[in-house]
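Please examine the model shown below before reading the report. The sections that follow describe how its parts are arranged.

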Amino acid sequence: MSERMKNIAKGQTLRLNELVDYQEGQVISRTLAQNPHVSLTLFAFEKGEEISTHASGGDAMVTVLEGTGRFTVDGAVHILEKGESLVMPANVPHAVYGEERFKMLLTVVF
């Protein structure tokens with residue numbers, strides 16, 4: 001049987017923001033789970049880095065773990081800080097930009 005969650009310790013307390021590191025000039029990701037029903041991915045964005053406009057086949061919820069990110073969803077801009085979340089509906093264009101260095105957890109439900 002394959003693991004349901006990967007790249008993450010089980011049975012112990014975790015600090016999600018410590019599981020992905022910043023890297024100059026890049027967006028870094030760490031996939032924790034991916035199957036036909038759900039995807040969990042941690043991201044670290046350097047200031048000024050972005051994921052350009054795209055759409056997802058599932059509802060995508062982001063939770064900012066540290067820093068500040070800008071999320072543009074169907075043309076509407078949302079600035080999120082640590083502890084804030086936003087749901088981006090399936091099949092709606094959205095983009096993500098590092099207003100400053102920030103980390104987030106992305107949960108996509110298909």
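## Pairing with strand β7

In this predicted model, strand β3, formed by residues 50–54, pairs with β7 in the antiparallel sense over 3 bridges.

## The hairpin of β4 and β5

Strand β4 also pairs with strand β5, which spans residues 76–81, in the antiparallel sense over 6 bridges. In this pairing, Arg70 has Ile79 of β5 as its bridge partner. The hairpin formed by β4 and β5 has 2 residues between the strands, and in this hairpin Asp74 takes a positive phi near 50°.

## Two buried residues in strands

Is Ser39 buried or exposed? Ser39 lies in strand β2, which covers residues 38–45. Residues under 20% relative accessible area count as buried. Ser39 has a relative accessible area of 7%, and therefore it is buried. When neighbours within four places in sequence are left aside, the contacts of Ser39 are Ala33, Gln34, Leu106, Thr107, Val108 and Phe110.

Thr68 belongs to strand β4. Its relative accessible area is 11%, so Thr68 is likewise buried. Which residues does Thr68 touch, not counting those up to four places away in sequence? They are Ile79, Leu80, Glu81, Gly98, Glu99, Glu100, Arg101 and Phe102. Ile79, which is among them, is the bridge partner of Arg70 in β5.

## Two asparagines with positive phi

Where in the chain is Asn7 found? Asn7 lies in the segment before β1, the strand of residues 27–34. Its phi is near 60°, a positive value in a residue other than glycine. Asn7 counts as partly exposed because its relative accessibility is 42%.

Asn91 is found in the loop between β6, which covers residues 85–88, and β7. Asn91 has a positive phi of about 65°, although it is not a glycine. With a relative accessible area of 58%, Asn91 is exposed; the cut-off for this class is over 50%.

## Leu19 in the segment before β1

Leu19 also lies in the segment before β1. The C-alpha atoms of Leu19 and Ala9 are 10.0 Å apart, while the two residues are separated by 10 residues along the chain. Which residues is Leu19 in contact with, leaving aside its neighbours within four places in sequence? The contacts of Leu19 are Ile8, Arg30 and Leu42.

## The chain as a whole

How many helices and strands does the chain have? There are 0 helices and 7 strands, and from the N terminus on the elements run β-β-β-β-β-β-β. The C-alpha atoms fill a box of roughly 40 × 30 × 25 Å, taken along the principal axes. For a chain of 110 residues, a compact globule would have a radius of gyration near 13 Å; the value for this chain is 14 Å, and therefore the two agree.

Of the 110 residues, 36% count as buried. Among contacts between residues at least 6 apart in sequence, 62% join residues at least 24 apart. The accessible surface comes to about 6,500 Å², and 47% of this surface belongs to carbon and sulfur atoms.

Key
Residues numbered from 1 in each chain as written. Predicted model: local features only at pLDDT ≥ 70, side-chain atom pairs only at ≥ 80, totals over all residues. Heavy atoms only, no water. Helix = DSSP H or I, 4+ residues; strand = E, 2+ residues; numbered from the N terminus. Rg over C-alpha atoms; globule rule 2.2 N^0.38 Å. Buried < 20%, exposed > 50% of the residue type's maximum accessible area, 1.4 Å probe, protein only. Contact = heavy atoms within 4.5 Å. Areas by Shrake-Rupley, 256 points an atom, 1.4 Å probe, with all protein chains shown as cover. Pairing = 2+ DSSP bridges.
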